[in-house]
Amino acid sequence: MSTLEISNLSVNYAGTNGQSTLALSGVDLSMKPGDFVVALGASGCGKTTLLSCIAGFMQPSSGQILLGGQPVYGPGAERGVVFQKHALMPWLSVLENVEFSLRMRGMAKAERRAIAMDKLRLVQLEKYADYPIYQISGGMQQRAGVARALASDPAVMLMDEPLGALDALTRAHIQDLIVNLWWQTKKMFFFITHSVEEALFLATELIVMTPSPGRIAHRFQPPFSKQFIDCQDSRAVKSSPAFIGMREEVLALIHASPGAVDDQ
Amino acid sequence: MTSDPRGSAPPTVRAVKGYSLPGEGSSVFISVFTVVLLLALWWLATHLGWIRDLFLPTPEKIFTAFVSAMRGDIQGGKALPEHFMWSMIRVFSAFFLAVLTAVPVGVAMGVSRVMRGIFDPPIEFYRPLPPLAYLPLIVIWFGIDETAKIILIYLACFAPLAMAARAGVKSVTIEQINAAYSMGASKWQVIWHVIVPAALPEILTGMRIAIGFGWTTLVAAEMVAATEGLGQMVLNASNFLRTDIVIMGIIVIGVVAYLFDLLMRRIEQWLVPWKGRV
C-alpha cells in the first residue's frame with residue numbers, strides 16, 4: 001500500500017522586480033490509504049499551491065513529496081485531480097470524458113467503456129453517460145469530474161474546492177457521495193475547501209492553514225465522516241453538539257489568526 | 001393559443017418572453033423583403049427608362065444572358081458550367097492545401113515558442129499585402145498556368161487559417177491541460193486530444209474567413225490571366241460591353257460565395273455543437 005509523505009515543503013513564487021512571495025513554508029504531512037485530509041483556510045493560505053505540488057503541476061522550492069516511496073516529478077495518473085471548475089472536455093460526452101485516461105493508455109474500447117460505466121455508477125451518473133457536458137448541471141459536471149479522476153484508479157484523489165460553486169443542497173448531497181466513495185475505495189483523499197462545516201464533515205485529518213507564509217497552523221482529527229458511514233444521516237451528524245462544538249472551536253482559531261480573514 | 005404540454009396554464013394567461021439580448025430573433029423575413037424591394041426598384045428603374053440599358057440592363061435580360069451562357073452562347077464560346085467548374089477546382093484545391101498546412105503551422109505556433117519565432121515574421125509580413133500586389137512576382141516565378149493561380153489562392157487562405165489556429169490554441173484552459181496530464185496523457189496526446197479540439201471552433205471560423213479570401217482572390221487572379229473561369233468570363237464580357245453578362249457573372253460569384261458560407265456554418269454546427277456553451 002502506498003503512502004504519501006510530504007516533508008518540509010516550501011514554495012517561493014518569483015514575482016516582478018526581484019520580489020518573491022513565500023506561499024508555503026515548511027509543510028509536513030503524511031497520509032496513508034483511508035486517510036481523508038482536508039485543507040481549510042482563507043484565500044492565499046497556500047492550500048491550492050500545496051495541491052499543485054502534490055499533483056505535480058509545479059515544483060516546490062524545497063522539500064520533497066514521496067508517493068509510495070518514489071519522489072513526485074510532474075503529473076501522473078496515480079494522482080487523480082478534481083478541479084474547482086469542472087475542466088471536462090466539452091467535445092466529449094460524459095462517458096468519453098470518464099474513459100479519457102484509459103484511452104490515453106491505449107486500452108481497448110469495450111474494456112474502457114465497462115470501467116467508465118462502473119465509475120459513473122459510483123457517482124450515480126450512469127443515466128447521463130451519453131449526454132454532452134454542456135447539457136448537464138454543475139453538480140453533475142463535478143460528479144463526472146470525480147468519476148473521471150477515479151477511472152485511472154489513482155492512489156490519491158486531489159480535490160481543489162470541487163463543491164465551491166454549487167448550491168447548498170447539491171453540495172450536501174455530493175458531500176455524502178464523496179464520503180461513501182472514500183469509504184468504499186479506501187483511497188487517500190486530499191480535499192481543499194474554505195467551508196468549515198464541509199471540512200469537519202469530510203475529514204479524518206483536518207489541517208487549518210494560515211497565510212503569509214502559508215503553513216499548517218492547526219490539526220484536528222474529526223470523527224464525523226465515520227459517524228456518517230454508520231448512520232447515513234448527514235443532517236443528524238452536522239447538527240450534533242459535538243459537531244457544532246468543534247465547528248465553533250475551528251472558527252474561533254481561524255478568526256484569531258492574523259491575516260486569515262481579510263475579506264469578511 | 002394551444003395548451004403547452006409542460007405547463008397547464010389556462011388560455012387566459014398571456015405568455016410572455018423571457019430576457020433577450022439586443023438584436024435577438026430571426027431576420028430572414030426582413031432580409032427577403034429587402035431583396036424583393038431591390039429587385040422591384042431595379043425592374044422599375046430599367047423599365048421606366050431611368051437608367052440606360054448599357055449601364056443597367058433589365059432583370060429579364062440578365063436571365064436571358066444566364067440561359068445563353070449556360071449554352072455557351074457568349075464570347076469565348078465556353079459554357080457557364082465550364083467556367084464555374086474551373087473556378088471551383090482552383091479555389092478548392094488551394095483551400096484544402098492551405099487547411100492541410102496552415103492548421104498544423106498555426107497550432108505549432110500556438111504551442112511552441114520556437115515555431116512562433118520562426119513563422120511569425122514571414123506570415124505577419126505577407127498577410128496584409130493585397131494578393132494582386134505580389135501576383136506579378138508569382139507569375140514570373142511559376143508561369144501563367146494553373147500553378148500560379150493556385151499558389152496565389154493558397155497564400156490568400158494560408159494566413160487567416162494559421163492565425164485562427166494559433167489564436168484557437170489559447171481557448172484551451174490550463175485546467176483542461178493539467179487534467180489531461182493527470183490522466184497520464186503525453187505531451188503529444190495533450191496537443192492532439194485536448195488543444196486541437198479546443199481550437200477547433202476558431203479553426204472553423206478561420207476556414208470561413210479563408211474560403212472568402214480565396215474566392216475573392218480567385219476572381220481577381222482569373223481577371224489577370226486565364227482563358228476560363230468566372231472572373232475571366234466577366235472580364236471578357238466587359239471588353240465587349242456585355243453589361244448583362246457582367247452582372248450575371250457578378251450575381252453567380254456572389255451567390256456561390258454565400259453558399260460557401262452557409263456550408264461552413266452547417267459544418268460548424270455539426271462539428272462544434274458545444275461552441276459558446278461552456
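Biologist: Which residue stands opposite A:Leu4 in S4(A)?

Modeller: This is a predicted model, and in it A:Leu4 stands opposite A:Leu67 of S4(A). The two residues belong to a pairing of strand S1 (residues 4-14) of chain A with strand S4 (residues 62-67) of chain A, antiparallel and held over five bridges.

Biologist: How many bridges join S1(A) to S2(A), and in which sense do these strands run?

Modeller: Eight bridges join S1(A) to S2(A), and the two run antiparallel. One of the facing pairs is A:Ala14 with A:Ser20 of S2(A). The hairpin of these strands has five residues between them, among which A:Asn17 takes a positive phi near 30°.

Biologist: Is A:Gly26 buried, partly exposed or exposed?

Modeller: The general idea is to count neighbours: 20 or more other C-beta atoms within 10 Å make a residue buried, and 12 or fewer make it exposed. A:Gly26 has 15, so it is partly exposed. This glycine lies in strand S2 (residues 20-31) of chain A. Leaving aside residues up to four places away in sequence, A:Gly26 touches A:Asn8, A:Ser10 and A:Arg215.

Biologist: What span should helix H5 (residues 138-151) of chain A have?

Modeller: At 1.5 Å a residue, its 14 residues should span 20 Å, and the end C-alpha atoms are 20 Å apart, which agrees. After H5(A) comes A:Asp153, with a positive phi near 50°.

Biologist: How many residues of chain A are in contact with chain B?

Modeller: On the chain A side there are 22, in contact with 16 residues of chain B. Strand S6 (79-82) and helix H3 (100-104) of chain A are the elements that each give two or more residues to this side. By class, the chain A side has 15 nonpolar, four polar and three charged residues.

Biologist: Where in chain A is confidence lowest, and where is it highest?

Modeller: Where pLDDT is low, predicted coordinates should not be read in detail. The mean for chain A is 91, with 97% of its residues at 70 or more. Confidence is lowest in S2(A), at a mean of 90, and highest in helix H2 (residues 94-98) of chain A, at 96.

How values were computed: Residues are numbered from 1 along each chain as its sequence is written. Chains are lettered from A and ligands numbered from 1 in the order in which they are written. This is a predicted model: local features need pLDDT of at least 70, side-chain atom pairs count only at pLDDT 80 or more; totals for chains, interfaces and linings use all residues. Two residues are in contact if their C-beta atoms, placed from the backbone, lie within 7 Å. Helices (H or I, at least four residues) and strands (E, at least two) are DSSP runs, numbered from the N terminus. Ala, Val, Leu, Ile, Met, Phe, Trp, Tyr, Cys and Pro count as nonpolar, Asp, Glu, Lys and Arg as charged, and the others, Gly among them, as polar. Two strands pair if DSSP finds at least two bridges between them. pLDDT is the predictor's confidence in each residue, from 0 to 100. The expected span of a helix is 1.5 Å times one less than its number of residues.
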